[in-house]
Amino acid sequence: MAEPWRDRARRAVEWNWRLRSVGDPRPHYVICGKDALAYYVARAMLESELPAGGARVTVVVPERYRSNGPDVAGLRGVRVVRSDRLDVATFEAAGLAGATGLALLHQDDVGNLHAALCAQAVDQRVRQVLRMFNGTLADGVRKLLKAPVEVLSDAEMAAPAFVAAALNEVDPSSFQHRDKTLRVARRADVRPQDVVCALAHLSEAQGVELLPAEQAGADLVLAEATGQPPGTEVAARRLVRARRRRRPVAVVLGAVRGFATRKIGVAVMAVLALIAVLGALISRAEDVSPLEALYLTLVTTLSGADPDTTKAADAQIMQVVLNLAGLALIPLITAVVVDGIVNARLALHTGRLQPARVGHVVVIGLGNVGTRVMAQLREYDVEVVAIDKDPEPRGAALARQLEVPLIVGDAALPETLVAASVADCQALVVASTDDVANLEAALAARDLRADLRVVLRLFDGDFAERVEETFALGVSRSVSYLAAPAFIGALTERAVITTIPVDRHALPVAEVPVAAGSELDGRPLGVVNRDGQVRLIARTPAGGAKTIWWKDLDPRQVIFAGDRLTVVARRRGLDWLTRQCAPPAHPVPVPRPAGAVHGGVHTPAAASPSVPGPTDSGVAASAPGAAHPVPPAEGASSTTNGGLADGFELTRRHDGTGEVS
C-alpha cells in the first residue's frame with residue numbers, strides 16, 4: 001500500500017530540517033513530552049533571547065496522542081519527531097548527538113529513566129533534565145547517569161501554591177541561599193528591615209504588577225525569615241485550634257442507613273409491624289397487662305407456643321400467624337446482620353461511612369500534585385479528606401500512612417461530595433489530571449455551597465484564567481506554567497534556586513555568574529536592576545568571598561568577572577541578564593584602564609607610570625566609553641554611551657568588591 005501523503009510530507013519536512021541543521025551554530029535542544037509542561041518549555045526556548053538568533057528545538061511526541069492542553073507539536077518553528085518509544089533510534093533521528101540539552105518530560109518515572117539511559121548511549125555529554133515524582137528514584141538517577149543530569153518534580157514545586165490558595169494565604173514555601181533563608185510574605189506581616197525586595201503590587205483595577213518600581217507600595221515582598229512563622233502556617237494553626245462541631249445524631253442515623261439494603265430493611269419493618277399488631281390483639285383477647293402481652297408475644301414469636309385446642313378460633317389463627325412471622329423474622333435478622341457487616345466493610349473501604357467534619361480541606365485526585373498537596377497540609381496538621389475514582393491511586397499508600405480517609409467515587413456526584421462534608425469544609429482543592437472532570441467537580445461543589453473556596457487545577461493557563469473570570473471559582477492554577485521556569489533554567493544551565501508563584505505568574509530566583517569580557521564586566525551594580533524585569537538581591541564576589549546581601553549593596557559598586565549575581569526576575573529579564581553576563585561570541589582582549597592600581601586604588605593616567613600595573617584579581621575593568629546596550633538604572637552614574645563617566649575612580653577593596661566614585 002502506498003504511503004499516505006501526510007506521512008510523505010512529514011518525512012520531507014523532517015529531512016529538510018536535518019539538512020538545514022548541518023553547520024547551524026545555534027544551540028540545539030531536544031524536548032520529549034506531550035503535555036502542557038513540554039509546551040511551555042519548548043515555547044520558552046523558541047522565544048529565548050539568550051543566544052544570538054535563538055535556539056533550535058526538536059520535540060519528540062507519540063505517533064498519535066490527544067493533548068488536553070496546548071499542543072506542543074503545533075508550535076511554529078519546532079521540528080517534530082513522532083515516535084512511541086524513546087530509544088536510541090528515536091534520539092538519533094532527533095539529532096541528539098551534539099545537542100546542548102535534553103528534556104524528558106513524560107509523566108512516567110520509569111519511562112524517563114529508560115529514555116535517559118538510551119540518550120546516554122547516544123551522547124554522554126548532553127545535559128539531561130528529567131521530570132520525576134519519586135524522590136528516592138530521583139536520587140538514584142543522579143548517581144547512575146554519567147551525563148550531567150538534573151532531576152525535578154513539577155508536583156513538588158507547584159504544591160505550595162495550591163496549599164497557600166486553599167488556606168487563603170501567600171505561598172508558604174521558603175528557600176535557603178548561601179547563609180540566609182528567604183520567604184514570600186505580605187508586607188504587613190514582616191518587619192520593614194527584613195524586606196529584601198518588592199515582588200508584586202496587587203490591585204483589582206490594574207491586576208498584578210511584578211517587580212514594581214515603587215518598593216514601598218508593594219503588597220507582596222520577599223523577606224528574610226527571622227523565626228516568625230509564615231502566614232500560611234499561622235492560618236493552618238488557627239484552623240487546627242478551631243473547635244470542630246460534631247453531630248453525633250446525624251452520624252448514628254447515617255450509620256443506620258448504611259447498615260443494610262433498603263429491601264431487607266422494608267421486609268424487617270413489615271414483619272415487626274405485623275408482630276406488633278398481633279401482640280396487641282393477643283393482649284386484648286387474653287385480658288393481660290402490656291408487659292405480660294409483650295412476654296407472650298415474644299415467647300410465641302421466637303420459640304413457638306404449645307397448641308391449645310380449647311382456645312377460640314380467632315386466638316388460634318393469631319397464634320399460627322404469629323409463629324409464621326417468627327419463622328420469617330429469624331432469617332431476616334440473620335440477613336440484616338450479614339448484609340450490615342458487608343456494607344460496613346465496603347463503606348469503610350470506599351470512604352462512604354465518614355463522620356461529619358467541619359473546617360477540613362478536601363483534595364480531589366491523589367495523583368502527583370494531589371498527593372503533594374495532601375502531604376503538605378498534613379504537615380501543618382490540617383485535617384484532609386481525599387476523593388479519587390481509583391480505589392488505589394498513586395497517593396493511596398501515603399493517605400493510609402497519614403490516616404487520611406479516601407472516598408472512592410466520582411467527585412462530580414453530589415453524594416460523593418456530601419460524604420466528604422464539602423459543604424462544611426475550609427476549601428476544596430481539585431487536582432486531578434482531567435480538566436473536564438475538575439471543572440465538573442468544582443461546579444458541583446459550588447451547588448452545595450455558593451461561597452466555597454475552590455482551588456482548581458487546569459492544564460491550559462489561558463483556559464484557567466478564563467474559567468476563573470467566568471465562573472468565579474476562586475483560584476485556578478496551571479502546574480506546568482508554575483514549574484516551567486525551573487525546567488528551563490536547568491535545561492539552559494542557569495542556577496535557578498527556586499520559582500516564586502505570584503497569581504498566574506512565576507518569578508525564578510537565579511544566580512548568574514559574570515564571565516570575563518561580558519557586557520556587565522566592569523559595570524556598576526546599578527545597571528542590573530530593571531523595573532518590572534530584574535531585581536538584584538545579592539552578590540557573591542569572585543574567589544569565594546562572603547556574599548553581600550541587599551542591605552549592603554551599593555549601586556556604585558563595580559561588577560568583576562567571576563562575580564555571581566543573585567536576582568529575582570521574570571523570564572525575559574533573566575534572559576537579558578544571562579546574555580549580559582555571557583562571554584563575548586568572539587573573544588577579544590579586554591582593554592585595561594589607562595592607569596595602574598596601587599594599594600587597591602585606581603590611579604588616573606596623568607599620574608600613573610608608563611607601565612600599567614596588575615590588578616588584585618588579574619581582571620581589569622572595562623575601559624571608559626565602552627558601549628553597552630542597556631543604560632544604567634535610575635540613580636546610577638552614566639554617560640551617553642552607557643560606560644563609566646569620565647573622571648570617575650575605580651576603587652578595589654580587599655573583599656573583592658569595587659566602587660565607582
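Predicted model: local features only at pLDDT ≥ 70, side-chain atom pairs only at ≥ 80, totals over all residues.

Visitor: What does the protein contain in helices and strands?
Guide: The protein has 18 helices and 27 strands. Of its 661 residues, 49% are buried. Among contacts between residues at least 6 apart in sequence, 65% join residues at least 24 apart.

Visitor: How do you know that the length of helix H12 agrees with its number of residues?
Guide: Helix H12 covers residues 368–379, which is 12 residues, and at 1.5 Å a residue these should span 16 Å. The end C-alpha atoms of H12 are 17 Å apart, so the two values agree.

Visitor: What makes H12 largely enclosed?
Guide: A residue counts as buried when its relative accessible area is under 20%. In H12, 9 of the 12 residues are buried, so the helix is largely enclosed by the rest of the structure. The buried residues are Asn368, Val369, Gly370, Thr371, Val373, Met374, Ala375, Gln376 and Leu377.

Visitor: Why is helix H6 called oblique to H12?
Guide: H6 spans residues 154–166, and it packs against H12 at an angle of about 55°, with the axes 8 Å apart. Angles under 35 degrees count as roughly parallel and 65 to 115 as roughly perpendicular, with the rest, apart from those over 145, as oblique. The angle of about 55° therefore makes H6 oblique to H12. The crossing is right-handed.

Visitor: Which residues of H6 and H12 meet?
Guide: On the H6 side they are Ala155, Glu156, Ala159, Pro160, Phe162 and Val163, and on the H12 side Asn368, Val369, Arg372, Val373, Gln376 and Leu377. By class, this contact has 8 nonpolar, 2 polar and 2 charged residues.

Visitor: Which residues meet where H6 packs on H17?
Guide: Asp154, Met157, Ala158, Ala161 and Phe162 of H6 meet Val479, Leu482, Ala483, Ala486 and Phe487 of H17. The residues of this contact divide into 9 nonpolar, no polar and 1 charged.

Visitor: Why are helices H4 and H5 called roughly parallel?
Guide: H4 (residues 109–122) and H5 (residues 135–144) pack at an angle of about 5°, with their axes 12 Å apart. Roughly parallel means an angle under 35 degrees, so H4 is roughly parallel to H5. Asp109, Leu113 and Leu117 in H4 meet Leu137, Val141 and Leu144 in H5. By class, that contact has 5 nonpolar, no polar and 1 charged residues.

Visitor: How do you know that the span of helix H2 agrees with expectation?
Guide: The 12 residues of H2 (residues 36–47) should span 16 Å at 1.5 Å a residue, and the end C-alpha atoms are 16 Å apart. H2 is also mostly covered, with 9 of its 12 residues buried. Among them are Ala36, Tyr39, Tyr40 and Met45.

Visitor: Why is leucine 536 called buried?
Guide: Leucine 536 has a relative accessible area of 8%, and the cut-off for buried is under 20%, so leucine 536 is buried. Leucine 536 is in strand S20 (residues 534–540). Beyond its neighbours within four places in sequence, its contacts include Leu525, Val528, Leu553 and Val567.

Visitor: Is glutamate 403 buried or exposed?
Guide: The relative accessible area of glutamate 403 is 71%. Exposed means over 50%, so glutamate 403 is exposed. Glutamate 403 lies in the loop between helix H13 (396–401) and strand S14 (406–408), and its phi is near 60°, a positive value in a residue other than glycine.

Visitor: What makes serine 421 count as buried?
Guide: Serine 421 has 11% relative accessibility, and the cut-off is under 20%, so serine 421 counts as buried. Serine 421 is in the loop between helix H14 (414–419) and strand S15 (427–430). Its phi is near 55°, also positive.

Technical notes. Residues numbered from 1 in each chain as written. Heavy atoms only, no water. Helix = DSSP H or I, 4+ residues; strand = E, 2+ residues; numbered from the N terminus. Expected span 1.5 Å × (residues − 1). Buried < 20%, exposed > 50% of the residue type's maximum accessible area, 1.4 Å probe, protein only. Axes fitted to C-alpha atoms, helices over the stretch in contact; angles between N-to-C directions. Left-handed = near helix turned anticlockwise from the far one by under 90°. Contact = heavy atoms within 4.5 Å. Nonpolar A, V, L, I, M, F, W, Y, C, P; charged D, E, K, R; others polar.
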